[in-house]
Amino acid sequence: MGAPIWWVVVLLVLGLSATVSVAESHRQKLGLCSKKSNDDDDDDESPYNTDAGPVPDKLNVHLVPHTHDDVGWLKTVDQYFVGSNNTIQVAAVQYIIGSVIDSLLKNPDRKFIYVEQAFFQRWWRLQNKQMQKKVKKLVEKGQLEFINGGWCMHDEATTHYLDMIDQTTLGHRYIKDQFDVAPRIGWQIDPFGHSAVQGYLLGAEVGFDALFFARADYQDKAKRQADRTMEFIWRGSKTLGASAQLFGGLLGHHYDPPPEFRYDIHSEAPLFQDDPLLYDYNVEERVELFVKLVQEQAAQFRTNHTMWTMGEDFAYEYAETWFKQLDKLIHYVNLDGRVNVFYSSPSMYLDSKHAANETWPVKEDDFFPYADCPHCYWTGYFTSRPALKRYVRRLSGFLQAARQLEFLVGKNETGPNTDSLEEAMAIVQHHDGVSGTERQHVANDYAKRLSIGAAEAAEVISTALNRLISGNVPKPDTKKKEKVTAKKLLKDPKYVIQMPSSEEVSNESLKFELCFLLNVSYCPPTEVDLSGGKTLVVVAYNPLGWPRDEMIRIPVTNSALTVTDSDGQAIPSQLVPLSKIAKGLREKYVMAHEGVHAGKGDLSYLVFQASVPPVGYRTFHIRASVPGSPQSAEHASVEQNNERAGHVKLKSSGAHIQISLQTGRIEKMKDVKTGVIADVEQSYCWYNASVGNAFESQGQASGAYIFRPNSSECFPLGTPDDTVQLTVIRGPLVEEVHQTFSPWISQVVRLYSNADHAEIEFTVGPIPVEDGLGKEVVTKVSTNLESNGEFYTDSNGRDFLKRVRNYRSDWTLNVTEEVAGNYYPLNLGIYLADNETEFSVLVDRALGGGSIRDGELEIMLHRRMLRDDGRGVGDVLNEVVCTGDPETCEGLTVQGTYYLHASSKTEAPKWRRSYGQELLFPVQLAFTVLESSEANVGPALNFSLLASDYSLPPNVALLTLQELEEGDVLFRLAHLYEIGEDDILSAVANVDTQALFGKKRIDKIEEVTLTANQKKSDVNPLQWNVEGNISSTVPLRGHHHKKHEVLVELGPMEIRTFIVSFE
Ligand SMILES: [Zn+2]
């Protein structure tokens, strides 16, 4: 740990007794020594004594040199790496890493931590063998330590836990592969609020011993500083409790040092001038100030260890400017002797905290929302850039499905493969990525990367389906004419064909196309005119571990069509006309994306029900038919409603929805299964984004990060008496009500015949700002539930956390923002409960929401601003779309869907969990059109990976199925229920992994940590003493997994990760 201070004293004494030159005499007076650097090629020597380490009887100051490198923000990730576009921001990560390595080689006492693998890997792959060897040595010696270690430092509000796991795994596996180490510290220093899932899942379950961060609400932080609770034991999961806890640390001074000790090249801080032969010698002065500031900070923390993070955004581009000053600081402060300061790392700091045997307070739940001053709630970014947020969520499920199909046919290492989508998804999880707080050109760069990755993954899917479907495998007996449902598919093996072996797979070329613009009703292969005997083949792939019945919806041009399933039987189908809004969006957005006219053909949606086996697919054939024939798709009826009294009712087997003709709004929902009826009124309104004014306390504007309405009033769309215009569409498979609320807000209320919930497809935009008012558009759902200020929101799509309006469990809240201060991030959804009923809303992307009045939920769907909010991005969040010359540009229109469900307290959790999983892992569709002569597409029309009588239990989801090197598979299972959430399903569940992999025989299955970089059995979490009588029930965890064992147990909320190899 370095030599004690007496070494310096001895050196001084010896030095002074010798005969020396003037210069040497000065060196000796200053206690300067001569010490060999550890770089053999470099004879540079540090004259300063920098090898101190912790001592027991002094205040120990851990200096942690670091750089915070955003994976895209004001510049794109590649611009940051290369150092281009420096007129925006001087930042060049390639020089940061290179220069830090040089500085570390100069003095073996120096340490550095590095975080973002997106940058480190860009640098590493350009280094020669000798340099790589040197860096490996630095890692081995602990001079360079990887912490956090994901591809980026992900956001914690707008990310889904699945994407957080993926991006962290990507970084961790590179580090493991190159350096054979596993990061042990979480380092989320910049994200704007911290989630429970980050603490327990992406922290403890990753194998991290601690998680450090810099941002907490200003009121929370003040209290923590006063009562020395800046550091705590964080138990983020109420289900896993102390079994998934870690040491949580709020940094003392943001994530940089006080300004007087910042040493980047353009820093204005006074440097150590320690040459008495020059003017302005200032060593004592610098030491004095340092000791004072250190003691002030230490007073807010427990134990005699305190940490100073010596770095800032993109710092260390010329690392010597820092390290030279830090060498001097350590040298002179230790000569002074009042405090003990040394090069350290968060790991060393944590070990010192642990060795102190202190008792720590317990922190539960999360750190949302975050405010840095009374009118500055960072709750706007929960919704900022809602289209990018949707794109990310859409591709999340797509990536998982593509990986499954890649595994089914074998990964092509040289491509096309899913690697580029994996990396693009990892980059966009950054806290200025999916969060929406980046500049416009950076948002475009993220979208471009995603789109390139998705195109390559689409090729993977197309190739895999071609190989599977054209495979020479036996056809099931299809003589019996009966309706095949998902349940039947599961129970009756004859419906499910097992995976063809590689010999059985032929390479006939069927070219499957995917449609990424189905959201704007555009899909060229399905729009082909099928008259003349053509067949449209639709493949529906189900990435879930359960069978499902899914309503498929595709745009078609023929007005008489028949749909047959993989058994050759006609199945019910329905044609639904496109709304006027949908037609307009299609034309505009196809032009914006593809640069072509979408075509104005007489388009409608064809709807049919697909029953698809688990981790498998089913094919459907669509052909032109004789108009009016009994097997033809039924045309929906269209009623224009101009009545002003009574109501419209939509009915399915699971739900009834009543819409008032007086107001045009939903007024009641009934759940058929439980008989629960809820009064519901759903509407839209907008908050006027504050532009700030001259008064300091009111000067905060709403912007990309911050939501600050300039009053708590949400302005309704149109006057309250205005009737919303309605069109009612009816048919056997789906009923819809099309509603127009204003020229720029419309929606479709949709009820599928097999659904127990309502789908609300909204279209918002272009938001008008010609009136000079920025607008934040919200949907409100008012119910008759007596919710008493309480509501529930998810943590990264995983656990649900109870929220109480105008209340925080950790401190007495001074309410300054009635609306913005009660907003929380949503990734899965939000719900209200009273004694009998729960009313839930699930979302299709990350959004912000809350409950501002009892019985009411609101969700912000879109925002358009006219001001920057002064938190660094320096850009106005004003998204536009252009279809050619700049004059065509107009505000971005956002379309999406949310889902309403009213039910009993016992049934509601099941819906949220299982339907939530269907939303995350949607059916993926692929299409091909056959000329009449080749109408027989191939024999394997129905396929499942799973053994024919097997499906995952309803409380367990298949999360990851990803082929690694040499055919091994990364495999994750997740229990979907929290403790006490469901009487039956919140119990230990069992999975037969051999049945899950069907015909593929498992050779070895080994449990690893969440990010698959360590054996699970090798992880030994640190133990901590906690304050008070905190009851920690022993969580139900699945029993320890032994190698080769194919049965896996999962306790509530457990995620277990395995590496599987096959025979
Ligand atoms: Zn940052």
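The protein chain has 19 helices and 51 strands. The model is a predicted one.

Start with overall dimensions. Along the principal axes, the C-alpha atoms of the protein chain fill a box of roughly 110 × 70 × 60 Å. The radius of gyration of the protein chain is 31 Å. A compact globule with 1063 residues would have a value near 31 Å, so the chain agrees with that expectation.

Next, how the chain packs. Of its 1063 residues, 63% count as buried; here buried means under 20% relative accessible area. Consider the contacts between residues at least 6 apart in sequence: 76% of them join residues at least 24 apart.

Now go inside. In soluble globular proteins, nonpolar side chains tend to be buried together. In this model, the largest nonpolar core has 266 residues. F290 and Y316 have the most contacts inside that core. What does F290 touch, leaving aside its neighbours within four places in sequence? F290 is in contact with V61 and L63, and also with F261 and W308. L329, V333, V339 and V341 complete the list of its contacts.

Finally, the surface and the charges. The accessible surface of the protein chain comes to about 38,600 Å². Carbon and sulfur atoms account for 50% of that surface. The protein chain carries 105 positive side chains and 143 negative ones. Where do the two sets lie relative to each other? Their centres are 3 Å apart.

Key: Residues numbered from 1 in each chain as written. Predicted model: local features only at pLDDT ≥ 70, side-chain atom pairs only at ≥ 80, totals over all residues. Heavy atoms only, no water. Helix = DSSP H or I, 4+ residues; strand = E, 2+ residues; numbered from the N terminus. Rg over C-alpha atoms; globule rule 2.2 N^0.38 Å. Buried < 20%, exposed > 50% of the residue type's maximum accessible area, 1.4 Å probe, protein only. Contact = heavy atoms within 4.5 Å. Areas by Shrake-Rupley, 256 points an atom, 1.4 Å probe, with all protein chains shown as cover. Lys, Arg positive; Asp, Glu negative; His and termini not counted. Charge placed at Lys NZ, Arg CZ, Asp CG, Glu CD. Core = buried A, V, L, I, M, F, W, Y, C linked by side-chain atoms within 4.5 Å.
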